[in-house]
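Work through the following exercises with the sequence and the model open side by side.

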Amino acid sequence: MSSAASWRTHVCGQPRLENQGEEARVCGWVQSRRDHGGITFVDLRDRTGLLQLVGDEDTPQECLKALEGLRSEDVVQAIGALRLRDAENANPDLPTGEVELHVRELEVLSRSETPPFEIDDRIEAPEELRMKHRYLDLRRPRMREYVESRSQANQILRGVLHDANFTEVETPILTRSTPEGARDYLVPSRLRGGEFYALPQSPQVFKQLCMVGGLDRYFQIARCMRDEDLRADRQPEFTQLDMEMSFVEEEEVQAVVEEVVVSLLESFRQKAPPSPFPRMTWQEAMDRFASDKPDMRNPLEIVDLASVGSGLGFKVYDDVLAAGGLVRGLLLPNGGSLSRKEIDSLESCAKDAGAGGAAWCKVTEDGATGPLARFLEGEPGQKFIEALEAEAGDLVVTVADQSRKALAALDAVRRMAGELLDLIGEDSEILWVTDFPLFEKSSDGSWTPSHHPFTAPAASDIPHLLDGKLGEVRSRAYDLVLDGVELGSGSIRIHDSELQGAIFETLGISPNEAASRFGHLLTAFQYGAPPHGGFAIGLDRLYALLFGAASIRDVIAFPKTSSGSCPLTGAPSPVDAQQVEDLGLAVLEALPDENLPSSSSPN
RNA sequence: GGGGGUGUGGCGCAAUUGGUUAGCGUACCAGACUGUCGAUCUGGUGGUUGCGGGUUCGAGUCCCGUCACCCUCGCCA
């Protein structure tokens, strides 16, 4: 039989016309069996493809019987001769379709139960079941491609960064909890009962410490964990390409990011955008698109209607403007063709986004129709239409509300209208959004960092830190946006401990508090910190886009459900009482028995 | 935490107004078949309709609760 050194002479996807006549040993999983009585075909699969095995009257009786006894997903080794298939028997759909292995010897290496779902891209299986038997799901060609593509993509970005003199550094998984930001996953310490490690939400502090450590250029494909509720594009643990550079300005960080992104786009999509990517300030993005991550494939732009809207005698506009809110709108070219139902859906999506509603009108040859029309009859109405540059056949949708809600609604309406009118361009559009506000007002009225507290303010805005106009302080943060999706964000950091202290003070973090939370970073900054900045790209989301995967779960080898559970391992699970006790902990409520993990049987 | 959707043999689906023994395809099992490649033909096994309660002469169907998954709002510096 086989020795380990010679299990295979060929892989399944390998044999071609020119291999005819060769002796071959192949190993793989049984994809399917077609038994014609006297002649039997078996498709053998490995990660490289399918090869047809055949047994006929020239095959030893025992071996033919063994072929007939094979079932889906059995693992076998087959030995025989590669032979040509007649023209009429060749399979043009298979790369190996011109040949087949005429089997002489067959060894079943491992039998398989009937799989819970068919190993076939064409068969839809419930995602939970696929996760429970992920090892089977990974045998499906599409899933296998995602895993392989991900490996390749990682290799590509490592190559780019190594060539740019970056050093790959592994930072701790067990680290210190930081109270602000997302909720931490905690790990109790046994040796110091009552104390906890936290799993990193990102390697932020460590990468900055790498800069203080003189590494100059750091990167890591880093796992990050955040204990928050999930979404379709969010997992409790996710992967970032994390990087940081010393002695750089924004443009230098962005240039490296662009090189990484262009390399990936070139490898996995036909077209990559020319570098440098376009830039847009946050203010411009909000004014023109009501979004800090605008989809530039959508040509619709927001129009400010405050001045022309105030003279219409429309109480909703007047009240909102008097209260300091926004009156803005969108012109939908040929939007008059939309059905009443579609217009209603635009209105309700504005409401869902938090605005009071959306006032609209259709523009016709003889004036306007629709709810807004009766305010547009006189001279001011004419100006209103002119401001929008509306023409007959167009639809005008306006939103009036307090700023935050109005912008959210305009963003939602713009996106939906782009879909409804089929305006979304074919080609991907990537851009940098820059000059974010350093702070944003949280619901309780306090100021919080819009990025993180280590983001440097724009030098020219530092005076505003002192004069209290915090909303006007711009940061040196930048986001990379692809087709309305935020791929990642970064910033130039504060490297001056005095300035850092001032920011903490502004955020209401006392020196004591700052010292206890970030003392390690602040102390490090007292020993000579280089100016530095960096970036982080969310790889799961990027790879899902790049590979055309339906879900980020498809580009993660072993993903979790939207409640953070793992159907494969049964995590999270109760643990032995002794384990809990060793940690100096007590569980408050005993969990019911059915929550115990089920034993993982192969059935 | 809130809202929405889904849950019926292993898988995909059906079942009229609440009414017969819950049906079809596929997979699976057995048999037949010498060129198939999503083989074909014949026959067969397989169901506590997610779980618990209720209404009713009668519940897959209606009501209440609950669980799981998916989507979404809050949340995610």
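**Conventions and strand pairing**

Strand β12 (residues 302-304) pairs with β13 in the antiparallel sense over three bridges, where strands are DSSP runs of E of at least two residues and helices are runs of H or I of at least four residues, numbered from the N terminus, and two strands pair if DSSP finds at least two bridges between them. This is a predicted model, in which local features need pLDDT of at least 70 and side-chain atom pairs count only at pLDDT 80 or more, while totals for chains, interfaces and linings use all residues. Residues are numbered from 1 along each chain as its sequence is written, chains are lettered from A and ligands numbered from 1 in the order in which they are written, and side-chain values use heavy atoms, with hydrogens and water left out.

**Exercise 1.** Identify the partners of β13 and decide whether its two faces are covered.

*Solution.* Then turn to strand β16 (residues 395-401), which pairs with β13 in the antiparallel sense over seven bridges, and where Thr398 stands opposite Gly329. In a regular strand the side chains alternate between the two faces of the sheet. Accordingly, list each side separately: Leu326, Arg328, Leu330 and Leu332 on one, and Val327, Gly329 and Leu331 on the other, are all buried, that is, under 20% relative accessible area, with exposed meaning over 50% and partly exposed in between (1.4 Å probe, protein chains only). Since seven of the seven residues of β13 (residues 326-332) are buried, the strand is largely enclosed by the rest of the structure.

**Exercise 2.** Determine the strand order of the open sheet of eight strands and find its edges.

*Solution.* The order is β6-β9-β10-β22-β21-β20-β17-β11, and the pairing is mixed. At the edges stand β6 (167-168) and β11 (279-281), each with a single partner strand, so one side of each lacks a neighbour in the sheet. Within the sheet, strand β21 (residues 485-492) and strand β22 (residues 532-538) run antiparallel and are joined by five bridges, with Gly488 having Ile537 of β22 as its bridge partner.

**Exercise 3.** Which residues of the largest nonpolar core touch the most other members?

*Solution.* A nonpolar core is a set of buried Ala, Val, Leu, Ile, Met, Phe, Trp, Tyr and Cys residues joined through side-chain atoms within 4.5 Å. The largest has 63 residues, of which Leu241, Met243, Val257, Leu264, Leu480, Phe535 and Tyr543 touch the most other members. Helix α6 (residues 250-268) gives the most to this core, with nine residues. Apart from it lies another core of 26 residues, among them Met286, Ala290, Leu346 and Ala409.
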